[in-house]
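Here are a few friendly notes to read alongside the model. Keep the 3D view open and find each residue as you go.

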Amino acid sequence: MTDRLIDLPEWGALCSHYDELRDVELRTLFSGDPRRGETMAAEAAGLYLDYSKNRLTSETIRLLVALAEKCGLRQRIESMFSGEKINTTEDRAVLHTALRARADADVRVEGHNVVPDVHAELDRMATFATRVRDGVWRGATGEPIRFVVNIGIGGSDLGPAMATEALRAYSLDSIESFFVSNIDGADFTDVADQIEAERTLFVICSKTFGTLETLTNARTARSWLVSQLGDEAAVSKHFVAVSTNREKVSAFGIDPDNMFGFWDWVGGRYSLPSAVGLSLMLSIGADAFREMLAGFRDMDDHFREAPFERNLPVLLGLIGLWYNNFHGFETMAVLPYCQELSRFGDYLQQLDMESNGKRVSLSGAEIEWQSGPIVWGQPGTNGQHAFYQLLHQGTKIVPADFIGFSRPNHDLLEHHDLLMANMLAQAGALAFGRTSDELRAAGVGGALAPHRTFPGNRPSNVILGEELTPRSLGSLVALYEHKVFVQGSLWQVNSFDQWGVELGKELAGRIAGEVSGNPDDSLEHDSSTNRLIARYKRGRRSQ
């Protein structure tokens, strides 16, 4: 599609509809339709989506679906699943869905069916993980592996770190997992204080084996291990790599037979189901990992096949577009009422903002509409005692996704009932608020009344699963992956590159040599950067 988004008749129809609906309250929508909570819901892949507490009607959904159809969303979905090179700026296919395809599927990239390659690598991972977990693979001193340290950054860290925390109820007690990503030395030293070299396996995740932060941490880990064990040869028994650069992996001292690969059609932030998930597999085992892949696949199938008006990722994407582009709400909160999903917001920040934080279209023209939202949040009920004040009574409207599960992965059922009661209450309070009349009926009036009035009419979705399992986690992650894809497709941006990450990295490479150099060296940056470098160097010398 080459037409500008805002020139489409379907966009104009939504603008007119927004003008009609902008002042309608959720209280009014619910009182006018007693069955709204039943009809504005959809279910798939073990997840139930209640979108009734949104500032929209069935007509809004109809108009949004019409826009999606006009923008060729169905064709674009098929293009992604079939291996077309929709990542045009890097001339690549976008096939993270192939990572969880059934073994008998046929997904071709330039005529080659990639599914057998995917399953062969998955089998290699499973064999290795089983040997480690069973104590067959041992360190240089003959000790079994007790500690697994994943060293990566971005998608090579956020995905496996999030999933390992989320699925800790499924982890092997005899293995502890750690994640090092920040180039700040405190990140590595904090982990080093908790592990024992002779029982530690480092998993170095870097596609090119050249990422500055990852390789810096990897070299530090290598030096630490050698200093602890006194043997350079020990590296081959305590390091494995997730990479595609066999030569660099071998030069580091890692046996290339212990290198697990993936493909250039897998974007970093979509790579959890690939070998990047090796540290997760070491924690939860190959069977649970495959069950997670089945959950991804459940949502993939639903996304590809379901009508848009009952399609969970499409509904989430279109509702988000409604708020972002018509209401002007610039942020969204992700609020899991599940402590195990404490890293889910971090993961979604990269998934969403790195994918759709773009200002030019696929054609290279500057877009004239808002693209991706700012994504933030933390688990309930902690957030209730931090930022919910702003959500309820602040001047900014923040649409929210509440995520919860009917059954917990623990035996403290009273705790879980209270947790879920809070989630449901918060969604209701945001939607319906509390009026001054209701306050007076409760005996509250006078000067205090304005401070205890809640305007309500603040939108949210509720996503409810039965239990957080490997399969339901896969479905949940795929739900948001595809939601991001829907929005990027309509905004006409490339959701699969990340050139905005590059400039700062290039400048950092240049400045890195200067900050450790002579304080009297001449600098050729702007006056602010020059002075900050000089001041940093003086402070560094005083140590």
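1. Which residues line the second largest cavity? In this predicted model, the lining is made up of Leu99, Val118, Glu121, Leu122, Met125, Gly261, Trp263, Pro273, Ser274 and Ala275. By class, seven of the lining residues are nonpolar, two are polar and one is charged. The space inside comes to about 60 Å³.

2. Now look at the largest cavity, with a volume of about 150 Å³. Its lining has 17 residues, and Ile319, Gly320, Tyr323, Met332 and Pro399 lie nearest the centre. Helix H14 (312-327), strand S10 (331-336), strand S12 (400-407) and strand S13 (460-467) each give two or more residues to this lining. H14 provides the largest share, with five residues.

3. Next, the nonpolar cores. The largest one holds 117 residues, and Trp265, Leu341, Phe344, Leu473 and Tyr480 have the most contacts inside it. Helix H19 (residues 470-491) contributes the most, with 11 residues. A second, separate core has 27 residues, including Val149, Trp224, Leu225 and Ala241.

4. Tyr480 deserves a look of its own. Beyond its neighbours within four places in sequence, Tyr480 is in contact with Leu316, Phe344, Leu348, Leu351, Asp401, Ile403 and Ile463.

5. Finally, is Asn54 buried or exposed? Asn54 sits in the loop between strand S2 (47-50) and helix H4 (58-70). Asn54 counts as buried because its relative accessible area is 0%. Its side chain reaches the backbone oxygen of Tyr51 at 2.9 Å. Leaving out residues up to four places away in sequence, Asn54 touches several others, among them Leu26, Arg36, Tyr323 and Asn461.

Conventions. Residues numbered from 1 in each chain as written. Predicted model: local features only at pLDDT ≥ 70, side-chain atom pairs only at ≥ 80, totals over all residues. Heavy atoms only, no water. Core = buried A, V, L, I, M, F, W, Y, C linked by side-chain atoms within 4.5 Å. Buried < 20%, exposed > 50% of the residue type's maximum accessible area, 1.4 Å probe, protein only. Helix = DSSP H or I, 4+ residues; strand = E, 2+ residues; numbered from the N terminus. Contact = heavy atoms within 4.5 Å. Polar contact = N/O pair within 3.5 Å; in protein donor to acceptor, adjacent residues only side chain to side chain. 1 Å grid on protein atoms, 1.4 Å probe; cavity = no way out; pocket = protein on both sides within 12 Å on 5 of 7 lines; lining within 4 Å. Points joined across faces, edges and corners; volume = space filled by probe spheres on them. Nonpolar A, V, L, I, M, F, W, Y, C, P; charged D, E, K, R; others polar.
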